[in-house]
Structures are given as structure tokens and as C-alpha cells.
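Let's take a walk through a protein fold together. Keep the sequence and the 3D view open, and look things up as we go.

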Amino acid sequence: MSSLDQDQRLHPCCRDKITVSSDSLDARELAKQPLQGLKLASHAVLEKAQQRGRLKCSKCGGSRMFFCYTCCSLVGVSVQEIPLIKLPVKIDIIKHPNETDGKSTAIHAKLLAPSDVTIYTYPCIPEYDKDKVVLVFPSPRAVSVQNMMQHLHNATDSRSYDRTYEPCLKRLKREEVQEATHTAENPESGTPDETEGSESKVYPLQRVVFIDSTWNQTNKISTDERLQDLVQVELKMRKTCFWRHQKGKPESYLATIEAIYYFLKDFHEHCLAQEYNGEYDNLLFFYSYLHSVVNKAKSSAGKC
Ligand SMILES: [Zn+2]
């Protein structure tokens, strides 16, 4: 695999260009520090693990730092030491079998939101209900996160609901979020099945599918007939923080973990109509740390 292939291992859900003037020092500084201001758990545990160096994965014996991307388990870090996040919808990530797992950020999502994230290896994917599942993928017919719910409602409306359904839905959604927050704080208070059951009554979206692979492979997976009928959603105006972007690939292609994060942020604000207060920032717990390590290494090498 060429280095270009590796560099393209980004979620292609955001193709809008955001121009940063190369003359502006402020803009450049901002571009280098795009992950500032996130509400993150302390990175002390990762710093300590990094000082200790790589360890052998207890399952496969591979030499790993922080986690094993083959076994999807933590290495040298315990589950109590990392943040765990409850998501408002289930996330499925479909990855291409030929990809190098070590390049993927999909595993970050699985480790940080284990009860809400499932990773599938193509072509082993579930049958999806097109009324309740969307695919994040840029295409001519893709809609914004903001318009996504309306598209799902329209599909449902045309069969069994009238127009009075929508305001009612908004109110119920707020209640649902409060309930979800409550559940996250008190894990004993509800089982995942109960949560999923209440979601299905409250709003149609139950699951969001992301594709984790290079651009060519993503196209192949997205045209699979099992994904064809899903509403496609595109993220707009998001700029990647992915540390490999300096090697000459479009900055607007997102790493999978970035795509999930930005989707959820938009979902929270536009679909749940809630103010965003950093609820999902910790999805970038590993990503932001790795980003800062790479930036430090570049600074000390005098490349900036
Ligand atoms: Zn392993």
C-alpha cells in the first residue's frame, strides 16, 4: 500500500473547502490547534502509558500503545482510566477487510462508547431498516444533518402520520435526552434494551452508519444494495484535524472519529434541539492526544 493510500484513509463525508489564508499567522495557529477548547478527560493516563512504552497485547501478543486495534481492547490502560460516553443514537462502522487496522480511528469510538458502537467488517453487515437508519456519505442526494430528520419523517408521514406529529416529536425528544443523560449517570437505572425501546417510540432515527476505508473502497461499500435505500447524510464545513493531512491530501476529508463526533454535535444541536456543552468531546480523547503528540514532534523537529 502506498503512503498516499494510507493518507486517504479518512472519512470522505466532508468535501466543502474551508480556505485558511497562509498569510495569516492567527489562522495558521488556529489550524494547528483545532482541538483546543474541548471538554476532555485528563490525558495523564495516556502520558504515563506513553512513557512506559509499548506493551504486548494479552490476547494477540502484538506490540501496542494504549489499545490493540486487532483485538479492540485496551493495552496498558484500564477501562476505569478512560472516559466512557453514552451516545444518543447507535453507531455502526463498516470497515473494509483489506485495510490496516492500525490506521483506523474507528476503534477509538468502540473503546470510548462501547455500548453504542459496533464495528462490522465488510461484506458482513446487517440488514438495515431504511426508516430508522441513515448512512453518512457524500453523494448528490445526500442531505444535511439538519434536514435528515425531516427526510425520515417524510418517509414515515407518507404512510401513517399527519403534520401534527412533528411538534410533538420535538417535545418528546427533549424528554428522551434528559432520560438518556440520567441513564448515563446511573448505569443501573435502565438496560440498553429499555433505552432502545423508548427511542423507537420517540423518534425514528435509531442507527447511523459510517464507512471506514479509503475513498475507492468507500465507494464500493456505499453502492452495496443493502445500503442503497438508506437516507444519505453529508457533513458540511468541517475541517479535518487529522495529523497526516500535511502530506498533501484534502483537509476537508475527515477521520472516521472526527466524522462521528461532528455528526453527533450537529445531531445534538439541530435534531435534539439542545445546546451543545461538550457531551461527546471525549470521543476525541485518544485522537486529540495523538494529534498533540504529532504536533509536538513536528515542532521539536523544526518542521512547523
Ligand atoms: Zn491484540
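Among contacts in the protein chain between residues at least 6 apart in sequence, what percentage join residues at least 24 apart? The figure is 75%, where a contact means two residues whose C-beta atoms, placed from the backbone, lie within 7 Å. Before going on, know that this is a predicted model, in which local features need pLDDT of at least 70, side-chain atom pairs count only at pLDDT 80 or more, and totals for chains, interfaces and linings use all residues. Residues are numbered from 1 along each chain as its sequence is written.

Now for the parts list. Of the chain's 304 residues, 33% count as buried. Buried means that 20 or more other C-beta atoms lie within 10 Å of a residue's own, exposed means 12 or fewer, and partly exposed is in between, with C-beta atoms placed from the backbone.

Next, find the sheet. Five strands make an open sheet with parallel pairing, in the order E6-E5-E8-E7-E9. E6 and strand E9 (231-233) are the edge strands, each pairing on one side only. From one strand to the next, the twist averages 30°. Two strands count as paired if DSSP finds at least two bridges between them. What holds such strands together? Strands of a sheet pair through backbone hydrogen bonds, either parallel or antiparallel.

Zoom in on strand E5 (residues 90-95). E5 pairs with E6 over five bridges and with E8 over six bridges, in the parallel sense. On the E6 side, Ile 93 stands opposite Ile 119, and Ile 91 has Val 117 as its bridge partner. On the E8 side, Asp 92 stands opposite Val 209. Five of the six residues of E5 are buried, so E5 is largely enclosed by the rest of the structure.

Hop over to Leu 230, in the loop between helix H9 (225-228) and E9. Is Leu 230 buried or exposed? It counts as buried, because it has 21 C-beta neighbours inside 10 Å. Those it touches include Tyr 128, Val 133 and Val 209, not counting residues up to four places away in sequence. Lys 130 is 100 residues away along the chain, yet the C-alpha atoms of Leu 230 and Lys 130 are separated by 5.0 Å.

Compare Ser 115, in the loop between helix H4 (106-112) and strand E6 (117-121). Ser 115 counts as partly exposed because it has 14 C-beta neighbours inside 10 Å.

What packs on the sheet? Helix H10 lies across E5, strand E7 (133-136) and strand E8 (207-212), running at about 155° to E8; that angle is taken between N-to-C directions on a scale from 0 to 180 degrees, using axes fitted to C-alpha atoms, for helices over the stretch in contact. The largest nonpolar core has 58 residues, and Ile 260 and Phe 263 are among those with the most contacts inside it. H10 (residues 256-271) gives the largest share of this core, nine residues. A nonpolar core is a set of buried Ala, Val, Leu, Ile, Met, Phe, Trp, Tyr and Cys residues joined through C-beta atoms within 7 Å.

Finish at helix H11 (residues 285-300). Phe 285, Phe 286, Tyr 287 and Ser 288 are buried there, and what covers the buried residues of H11 includes H4 and H10.

Terms used
Helices (H or I, at least four residues) and strands (E, at least two) are DSSP runs, numbered from the N terminus. The expected span of a helix is 1.5 Å times one less than its number of residues.
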